[in-house]
Amino acid sequence: MSSQSINVETVTTELDNILEMENVSVAYAGNYAVKNVSFNVARNAITSIIGPSGCGKSTLLRCLNRMNDFILDASIEGNIRFEGQDIYAREVDAVEVRHHIGMVFQKPNPFPKSIFKNVAWGPTVNRYQGSITELVERSLKQASLWDEVKDRLNDSALGLSGGQQQRLCIARALAMEPNVLLMDEPCSALDPISTAHIEDLMFDLKSRYTIVIVTHNMQQASRVSDYTAFMEMGNLIEFDESERLFTRPSNQRTEDYVSGRFG
Amino acid sequence: MTASLTRSTAKQAHHMRRRHAKARVFAKFCGLVTWLGTALLLVLLWQIFSDGLRWLDIDFLRSFPSRFPERAGILSALAGTLWLISLVAIISIPVGVATAIYIEEFGGKGKLVKIIDINISNLAGVPSIVYGIIGLTLFVRGLQLERSLISGALTMSLLILPVIIIASREAIRTVPDSIRHAAIALGGTQWQTVWSHVLPASFPGILTGVILGLSRAIGETAPLIMIGALTYVAFVPEGPMDSFTALPIQIFNWVSRPQEEFHELAAAAIIVLLVVLLSMNSLAIFIRHKMEKKLQ
Amino acid sequence: MPSITNGQVRWHESLIQGGLGFCALISIVTTATIIFILTRESVGFFQVIPVKDFLFGTSWVPMFEPSSFGVLPLLWGTLVITIGAALICIPIGLASAIYLSEYASAKQRSIIKPVLELLAGIPTVVYGYFALTFVTPALQYLFPGIQVFNALSGSIVVGIMVLPMVATLSDNALRAVPDSLRQGAYALGATSYEVTTQVVVPAGLSGIIASFLLAISRAIGETMAVTLAAGATPNLSFTFLESIQTMTAYIVQVSMGDTPAGGVAYQTMFAVAGLLFVITLFLNVIATFILKRYREVYQ
């Protein structure tokens with residue numbers, strides 16, 4: 001087992017951490033997909049999790065909004081805190097957690113409803129008190145999709161292109177006004193132009209939201225994120241400011257991965 | 001600004017609790033309703049067995065129907081049903097499987113295949129009594145086959161043909177093309193490929209379809225009534241041209257009578273019918289299992 | 001390797017292919033025959049009885065004098081049974097399908113699915129028996145004024161009979177909804193009730209509706225259970241507690257009786273059967289159309 005170079009203490013103690021992970025392990029029917037991972041997510045920053053296929057990064061991400069609750073033989077150990085509160089505590093409502101921590105998936109998954117209804121559904125079901133129309137417009141603007149769809153809000157979301165659908169899914173997640181936005185390889189099913197569009201979007205969103213992005217695209221991670229966690233085979237190998245991790249990594253495995261020697 | 005995982009106002013907390021309660025009630029409701037269906041089956045079986053079991057003995061199987069409940073039996077009906085299944089199997093299995101083979105292997109994607117396709121799915125939805133009328137007009141009267149076993153068998157075969165065709169087509173479709181390509185590459189003709197490779201591979205699925213079809217044929221009453229299966233038959237049929245009765249007809253006849261003993265006799269006959277159906281299905285599962293093992 | 005010449009092989013192949021094709025034609029011939037026979041006899045019938053009288057007449061007395069050939073009471077009887085059956089099989093079938101696809105564990109599924117298959121395989125005459133020996137007595141206990149032959153009993157039993165069909169087909173439709181949709185909905189912080197009723201069911205709606213239509217078509221064509229349970233009294237009144245007659249039960253009545261072949265009374269059988277055929281065909285075609293047209297919903 002390679003030694004971990006986690007600069008968690010030095011990197012993030014001074015910062016305002018919105019999410020804290022401590023000794024998190026996830027097992028599916030006894031097989032550990034995530035082993036003893038600890039790092040923090042800084043507020044209003046973009047943290048990326050990189051690593052080869054199967055290293056457990058998506059599994060870890062899904063713990064953050066308790067989406068692993070749906071997998072019956074998954075067991076989670078360790079501590080995950082949002083604003084200092086343990087999200088797996090018995091009195092905590094998983095549904096509530098997801099109001100604060102939203103998610104965008106790898107393949108765009110808009111509902112077979114109108115564009116408007118897609119964005120409005122979450123808040124409506126949650127009895128949003130203000131004007132839904134304004135919320136929808138605001139969210140679509142934040143997702144940089146408003147101009148393209150403002151004249152056809154009642155059209156089916158399935159008529160949009162792949163890149164547009166993904167931005168719609170982002171708008172849909174933002175409509176819940178979360179604090180954190182989790183993104184699970186959001187660009188891997190998209191063409192380069194749409195990918196660039198969404199990367200630009202992330203910079204805009206950073207000021208209001210915290211973003212955690214899982215990506216297998218190292219260039220993307222180095223372009224976009226402030227902090228990066230590198231995982232391999234369920235273990236956290238290194239966590240550092242992105243600039244440092246990509247140019248002067250502390251761990252040999254990290255260096256091998258980011259220079260393309262494997263992965 | 002830090003957020004909190006708990007709702008800030010009592011109203012919001014109350015609202016969340018309501019939503020969760022609704023979800024719990026809904027899940028329980030769906031579960032309850034579903035298990036209701038299972039309970040229904042048990043009630044049905046209990047009713048049948050509690051009514052009919054005491055009439056079920058060897059004499060019941062060996063006697064002909066009678067005005068007197070104590071002497072009544074299902075010999076003629078059982079014989080008729082067994083004759084019927086055999087004839088229907090002989091007629092419908094080859095035709096049904098052949099049709100499926102033709103459509104899937106030789107038909108291509110032309111218009112003819114499309115027409116046959118639509119045709120079959122429509123035929124599958126035609127009420128059984130309409131088949132009965134056709135059987136009456138075409139076989140009994142038209143071909144002058146009278147109210148015989150063969151008329152009944154032909155009518156039933158038409159009825160279950162769509163079932164067999166649809167199931168066989170599904171089974172043939174799941175056979176991967178790689179098997180066909182390999183056989184043709186070895187120099188086999190198309191028919192040889194089908195006979196030696198595709199059919200054996202799709203056999204379990206075809207068998208399931210056949211059993212499904214035959215089960216329907218055994219249980220259907222309306223078409224048999226239409227073609228004139230008799231309700232009082234005191235002999236065992238000896239050939240396809242003989243008139244006959246069948247288990248469902250006998251059951252129908254007994255249930256229609258006001259006396260409660262005949263209702264109970266009907267229950268006993270139902271038990272026999274269900275046993276026949278169960279045996280057929282179990283045999284099919286057994287054969288499938290053996291074939292699937294062999295193919296492994 | 002066959003040791004026959006190329007020419008022989010081709011001849012064999014053609015023959016076999018011809019034989020197979022002949023079998024395939026039988027299905028087309030069947031449909032043609034059905035349409036031909038029903039049309040021919042109905043045409044004969046409508047030469048004596050005007051179509052308008054048949055379709056819109058409210059009195060059905062074909063066997064006695066003064067005779068009257070308005071099919072509405074039979075149509076109404078069929079409708080009453082079908083509506084009653086739909087009220088049972090649609091909610092229960094859909095709820096079962098939802099439970100099976102969204103809530104049940106694999107173990108529970110392994111019990112419930114075979115039970116549904118068993119229920120679906122039970123011959124219809126058994127349901128008729130069940131109606132007379134269990135359902136009607138139970139109804140007589142609940143509604144003391146009810147007749148022995150009544151529409152409610154027939155409806156209940158037909159509803160139970162088509163229930164497995166609705167449950168199975170709707171379950172298939174719901175399972176076809178991609179899991180990614182559910183994930184997306186749950187990730188927005190919604191409860192299972194909200195996700196199921198507002199995202200999953202609407203997404204699978206075409207398959208669900210098709211299942212309803214097919215079940216209704218089946219209920220309309222059902223014969224034995226209604227013949228035994230609901231009676232033989234053509235009746236235009238709006239009541240579940242009385243005896244009525246469906247189109248199918250009437251056809252059975254004619255064929256079991258001594259009506260001489262060829263007369264108008266005999267031909268009523270074909271006219272009614274023709275109407276039945278057209279109605280069920282119509283429903284089946286719409287169901288197939290809905291399934292095919294809305295199948296691309298997720299792409």
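Biologist: Which residue just after α4(A) takes a positive phi?
Modeller: A:R127, with a phi of about 55°. Helices here are DSSP runs of H or I with at least four residues, strands are runs of E with at least two, and both are numbered from the N terminus. This is a predicted model, where local features need pLDDT of at least 70 and side-chain atom pairs count only at pLDDT 80 or more, while totals for chains, interfaces and linings use all residues. Residues are numbered from 1 along each chain as its sequence is written, and chains are lettered from A and ligands numbered from 1 in the order in which they are written.

Biologist: Thanks! And α4(A) itself, how many of its residues are buried?
Modeller: Eight of the 11 residues in α4(A), which covers residues 115-125, are buried, so the helix is largely enclosed by the rest of the structure. Buried means 20 or more other C-beta atoms within 10 Å of a residue's own; 12 or fewer makes it exposed and anything in between partly exposed, with C-beta atoms placed from the backbone.

Biologist: Which ones are they?
Modeller: A:I115, then the run A:N118, A:V119, A:A120, A:W121, A:G122 and A:P123, and finally A:V125.

Biologist: What covers them?
Modeller: The cover includes α5 (132-142), α6 (146-149) and α7 (162-174) of chain A, and also α8 (192-203) of chain C.

Biologist: Let's switch to strands. Is β9(A) buried or exposed?
Modeller: Buried: five of the five residues in β9(A), residues 210-214, count that way, so the strand is largely enclosed by the rest of the structure. In a regular strand, side chains alternate between the two faces of the sheet. For β9(A), A:T210, A:V212 and A:V214 are buried on one side, and A:I211 and A:I213 are buried on the other.

Biologist: Which strands does β9(A) pair with?
Modeller: One is β4(A), residues 46-50, which runs parallel to β9(A) and is joined to it by four bridges. The other is β8(A), residues 180-184, also in the parallel sense, over five bridges. Pairing takes at least two DSSP bridges between the strands.

Biologist: Which residues stand opposite each other there?
Modeller: A:I46 is opposite A:I211, and A:M183 is opposite A:I213.

Biologist: What lies between β8(A) and β9(A), and what's the handedness?
Modeller: Helix α8(A), residues 192-205, and the three elements make a right-handed β-α-β unit. Right-handed means that, with the strands pointing away from the viewer, the path from the first strand over the helix to the second runs clockwise.

Biologist: Where does β6(A) sit in its sheet?
Modeller: The sheet is open, with four antiparallel strands in the order β3-β2-β5-β6 of chain A. β6 (85-86) and β3 (31-42) stand at the edges with a single partner strand each, so one side of each has no neighbour in the sheet. β6(A) pairs with β5(A), residues 74-82, over two bridges, and A:R81 faces A:D86 across that pair.

Biologist: New topic, chain C. How many helices and strands?
Modeller: 12 helices and two strands.

Biologist: Is it compact or spread out?
Modeller: Its radius of gyration, taken over C-alpha atoms, is 24 Å, well over the 19 Å that the globule rule gives for 299 residues, so chain C is more spread out than a compact globule. That rule is 2.2 Å times the number of residues to the power 0.38. The C-alpha trace spans about 75 × 70 × 35 Å along its principal axes, and 54% of the residues count as buried.

Biologist: What about its domains?
Modeller: The assignment, which is automatic or from a database, gives domain 1 (6-48) and domain 2 (68-298) in chain C. Their C-alpha centres are 32 Å apart. Seven residues of domain 1 and eight of domain 2 make the contact, where contact means C-beta atoms, placed from the backbone, within 7 Å.

Notes
Two residues are in contact if their C-beta atoms, placed from the backbone, lie within 7 Å.
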